[in-house]
Amino acid sequence: MLLHQPSDIRTINRLRVLNLIRSQRGLSRADISKELGLNKPSCSEIVNDLIGEGLVTEGEKTETASGRRPTPLMIAKNGHLVVGISIGLRLCSIAISDLEGNVLGYKQVPTPQHPTPKELCILLLKDFLHMYHGGEKKLAGCVVSLSGRISENNTSVEELSEWGWKDVHLTLPFTNNMGCICSLVDETEAMVSAERLLAKERPDSFLYVNWGEHIGATSVRGSQEDRSDLGHARIANEGSCVCGGTGCLETVSAGWAVERNFGGKSLRELAQARPAGFDRAMDTAALALGMEIAQAVAITGQKKVVLSGNIPTLLPSLVERVTLAMRSSLPPFLQEAEIVRSPLGDKARQMGPVAVALDRYIFRQSLLARFRT
């Protein structure tokens with residue numbers, strides 16, 4: 001359900017009830033009414049509607065010393081499904097998830113070299129339809145993540161420079177062939193959503209850095225998210241960047257730049273083979289990234305940096321190098337800043353679009369957060 005009128009109190013209360021059931025499994029109608037300050041008839045009506053929509057289910061009543069307890073409620077995790085598709089320069093992934101973020105089907109496929117939009121859509125849709133094969137469970141929606149400039153309405157790729165894509169309405173073929181709404185999201189934004197919605201440890205304030213094919217960063221403080229183009233901070237007077245600029249951090253530290261400097265081999269191949277000069281190149285990449293993270297910490301005041309992406313996954317020892325570079329660039333009063341690995345590890349990228357799909361089409365937690373403020 002799309003919320004066109006945020007002032008609609010019933011719609012907001014519906015989302016409050018749904019998210020409370022998600023976060024506190026086993027509550028009864030009376031518990032929810034008391035917790036949210038809703039009158040019992042309204043609360044019961046909302047719960048009944050959610051049950052009718054296949055989003056909530058009733059558990060078995062249990063006997064207690066004082067008699068039979070009220071009916072416990074929980075998310076109907078298999079009532080609806082969401083699809084998360086991650087498009088990378090080297091690999092794409094498709095994940096089909098239930099409402100609790102449990103992946104029921106997953107496939108990873110190599111990305112064709114310089115694919116056309118049509119070629120890539122056909123490849124991904126073919127694999128999705130093979131995985132889903134006309135399942136009876138309703139698809140609530142699909143989200144596609146990628147590193148590229150995305151339109152404000154989340155339907156078009158304004159530019160993906162590596163493949164020469166411009167103004168591509170990428171969601172249309174997915175919507176037409178999957179029978180559900182589809183939207184786009186920036187890769188780093190998606191990974192932040194996975195961190196906030198699906199990770200067991202959920203800090204309220206942190207700087208998220210995605211270090212992979214590209215470099216993205218987002219400062220999170222409560223419900224506020226401020227995205228930055230950290231990868232395109234200028235650090236040198238030479239080095240041609242895919243953005244069209246010169247001397248960007250990405251020309252030294254991004255995966256695409258490292259691969260280009262070593263004959264186009266993938267980072268995974270390079271991490272396994274360790275060709276001459278590779279370790280030195282990665283040390284330089286980590287040093288440059290750490291120094292720029294220090295600048296971001298000084299600007300945002302964040303004390304915790306969550307480092308994610310495929311480079312820390314392939315080369316975990318680099319996290320310490322990035323940390324040392326950051327601390328050497330920070331003043332004494334900011335030395336308490338720390339860098340930690342994402343608890344989602346190598347799943348952050350594949351779970352990013354799943355988390356966004358759950359939020360956009362089901363739980364709308366980001367909307368509730370804005371409504372509260």
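In the hairpin of β6 and β7, five residues lie between the strands, and G101 takes a positive phi near 80 degrees. Helices (H or I, at least four residues) and strands (E, at least two) are DSSP runs, numbered from the N terminus. The model is predicted: local features need pLDDT of at least 70, side-chain atom pairs count only at pLDDT 80 or more, and totals for chains, interfaces and linings use all residues. Residues are numbered from 1 along each chain as its sequence is written, and side-chain values use heavy atoms, without hydrogens and water.

β6 and β7 pair in the antiparallel sense over seven bridges (pairing requires at least two DSSP bridges between two strands). A95 stands opposite Y106 in β7. β6 also pairs with β5 (residues 80-87), again antiparallel, over six bridges. Three residues separate β5 and β6 in their hairpin. S93 of β6 is the bridge partner of S86. Six of the seven residues of β6 are buried (under 20% relative accessible area, 1.4 Å probe, protein chains only).

The second largest pocket has a volume of about 570 Å³. A pocket is an open set of points on a 1 Å grid over the protein atoms alone, where a 1.4 Å probe fits, with protein on both sides within 12 Å along at least five of seven lines; lining residues have an atom within 4 Å of a point. The volume is the space filled by probe spheres set on the points, which are joined across faces, edges and corners. Of the 27 lining residues, L91, Q108, R268, N310 and R349 are the closest to the pocket centre. Elements giving two or more residues to this lining include β6 (91-97), β7 (103-110) and α13 (348-363).

Notes: Buried < 20%, exposed > 50% of the residue type's maximum accessible area, 1.4 Å probe, protein only.
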